[in-house]
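Keep the sequence and structure in view while reading.

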Amino acid sequence: MDYRQVNIGIIGLGTVGTGVARILLEQKELLKTRTSLDLNLKTIVELDWSKDRDLDLSQVKCITDADTLLEDPEINIVVETIGGYEPAFSFISKALRNRKHVVTANKALIATKGMELYKIARENDVDLLFEASVGGGIPIIKGLREGLVANRFKSIYGILNGTTNYILTKMHQNSLEFADALKGAQEKGFAEADPTLDISGGDAAHKLAILSTIASNSFIPFDKIYVEGITGITKLDINFAQSFGMTIKLLAIYKRYEEGLDLRVHPTLINDSHLLAAVSNELNAIFVKGDFVGNTMFYGPGAGERPTASAIVSDIVDLSKDFMVQNGKKYSNRAISLTQNVQLIPIEDIKSRFYLRFMTMDKPGVLSKISGVLAENNISISSMVQLESHEKDNYVPIVLLTHEALEKSVEQALQKIVKFDFVKKDYLRLRIFE
Ligand code: HSE
């Protein structure tokens with residue numbers, strides 16, 4: 001059989017690019033059988049060719065200059081796996097302008113510059129796909145855009161960052177403090193040397209911006225998402241969560257209301273009986289509720305060479321189907337349709353149940369003063385725990401769980417409570433998953 005050839009170029013032979021090259025070379029026959037196409041890895045652009053990547057690249061053009069690839073008329077699909085904003089943005093826009101389809105895993109770029117890039121893609125009648133940008137090997141973008149296309153999305157709850165999930169899991173399992181668990185994540189190679197974007201929640205927010213854009217058909221700017229990271233969580237809070245039968249997870253939340261979207265990323269207490277509580281270590285999961293399908297859950301590896309490359313190749317195969325059409329016309333346009341203009345609900349107006357942990361002096365009147373401030377702000381307490389002091393300074397932890405309350409009321413109450421001279425300034429406020 002004569003297989004039609006699709007020529008592919010990769011920019012960046014780091015972890016993910018290497019995985020893509022490996023699949024295109026090692027699974028060539030399997031992909032031929034499944035697609036009836038010859039997915040030909042023609043060119044790889046990489047600055048550092050000194051590293052041994054355990055790949056046979058004898059049939060591949062290995063170069064250092066991206067323009068040579070981007071201007072090659074034979075190249076049909078460009079895979080960008082260098083990450084970061086520049087030169088990735090310039091390479092992708094040039095590829096699209098030269099009418100090449102592009103596949104990327106670059107979540108930060110798609111979450112911030114996606115709108116510009118989709119426009120360039122549409123103007124040039126090519127596509128930009130990014131399945132690997134969220135959830136690594138989990139086909140969540142395809143899941144939302146294809147498998148669940150018939151649904152309006154009522155809610156999406158995602159564990160979207162493997163590093164923070166690994167840290168929180170180890171804090172729960174081994175009773176570690178945050179800094180020790182982070183060190184473990186770095187040793188295992190999950191966290192970056194500078195893990196700021198992971199632990200601050202920024203990486204999960206990039207991914208939430210992408211999922212929300214797809215789910216709402218409206219471009220969601222990443223910087224409009226409320227974000228809190230996990231650095232304030234202590235062993236003490238983990239112990240309290242466990243005593244309540246709950247687990248702390250960094251959740252990316254999408255909820256659709258009549259008035260708009262509630263989007264946020266923050267550490268959240270989840271009941272141990274919920275499926276998301278059992279998602280441990282570096283794994284990711286996304287719990288999606290559609291109005292027709294009901295509840296679904298997508299689960300799997302959210303990072304790493306092989307899972308991320310697996311997602312990238314699924315995009316390559318999707319794009320390659322265009323080359324099966326005889327007259328050269330595409331039979332579908334995969335560009336995201338951003339026709340809606342949804343409002344985002346400000347965090348102040350969101351209601352949740354809360355976990356409030358204070359360190360207070362152990363003396364008469366402390367509790368009544370704290371609960372008085374909560375009552376003034378219309379916040380009702382559902383339970384309270386105080387531990388005995390084992391510290392020389394006579395401060396004790398007090399945890400209050402509240403009934404549903406408004407964010408702005410809780411914020412006002414907290415500002416007042418931390419002004420009491422018997423309360424330490426480093427309190428912790430967590431939302432409880434409902
Ligand atoms: N730093 C990311 C994580 C890598 O920990 O999930 C995958 O996007």
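## Terms and model

Contact here means heavy atoms within 4.5 Å. The model is predicted: local features need pLDDT of at least 70, side-chain atom pairs count only at pLDDT 80 or more, and totals for chains, interfaces and linings use all residues. Residues are numbered from 1 along each chain as its sequence is written, and side-chain values use heavy atoms, with hydrogens and water left out.

## Serine 216

Serine 216 lies in helix H10. Helices are DSSP runs (H or I, at least four residues), numbered from the N terminus. Setting aside neighbours within four places in sequence, serine 216 is in contact with Tyr254, Arg256, Leu261, Gln340 and Val342.

Serine 216 has a relative accessible area of 2%, so this residue counts as buried. Buried means under 20% relative accessible area, exposed over 50%, and partly exposed in between (1.4 Å probe, protein chains only).

## Nonpolar cores

A nonpolar core is a set of buried Ala, Val, Leu, Ile, Met, Phe, Trp, Tyr and Cys residues joined through side-chain atoms within 4.5 Å. The largest has 79 residues, and Leu128 and Ile140 have the most contacts inside it. Helix H10 (residues 202–216) gives the most to this core: eight residues. Another core lies apart from it, with 30 residues, including Leu13, Ile23, Leu37 and Ile44.

What does isoleucine 140 touch beyond its neighbours within four places in sequence? The contacts are Glu131, Val134, Leu211, Ile286, Val288 and Phe298.

## Ligand site

Residues surrounding the ligand (a heavy atom within 4 Å) are Lys107, Asn161, Gly162, Thr163, Asp198, Asp203, Lys207, Gly302 and Ala303.

Polar contacts are pairs of N or O atoms within 3.5 Å. A polar side-chain atom of threonine 163 is 2.6 Å from a ligand oxygen. For asparagine 161, a side-chain N or O atom lies 3.5 Å from an oxygen atom of the ligand. Aspartate 198 places a polar side-chain atom 2.8 Å from a ligand nitrogen. The protein covers 86% of the 260 Å² of accessible area that the ligand has on its own, by the Shrake-Rupley method with a 1.4 Å probe.

## Aromatic pairs

Rings of Phe, Tyr and Trp (its six-membered ring) pair if their centres lie within 6.5 Å; planes under 30 degrees apart count as stacked, over 60 as edge-to-face and the rest as tilted. The whole structure holds five aromatic pairs. In one of them, phenylalanine 240 and phenylalanine 244 are stacked, 6.5 Å centre to centre with 20 degrees between the planes.

Phenylalanine 240 is buried, at 4% relative accessible area.

Notes:
Helices (H or I, at least four residues) and strands (E, at least two) are DSSP runs, numbered from the N terminus. A polar contact is a pair of N or O atoms within 3.5 Å; within protein, one must be able to donate a hydrogen and the other to accept it, and residues adjacent in sequence count only if both atoms are side-chain atoms.
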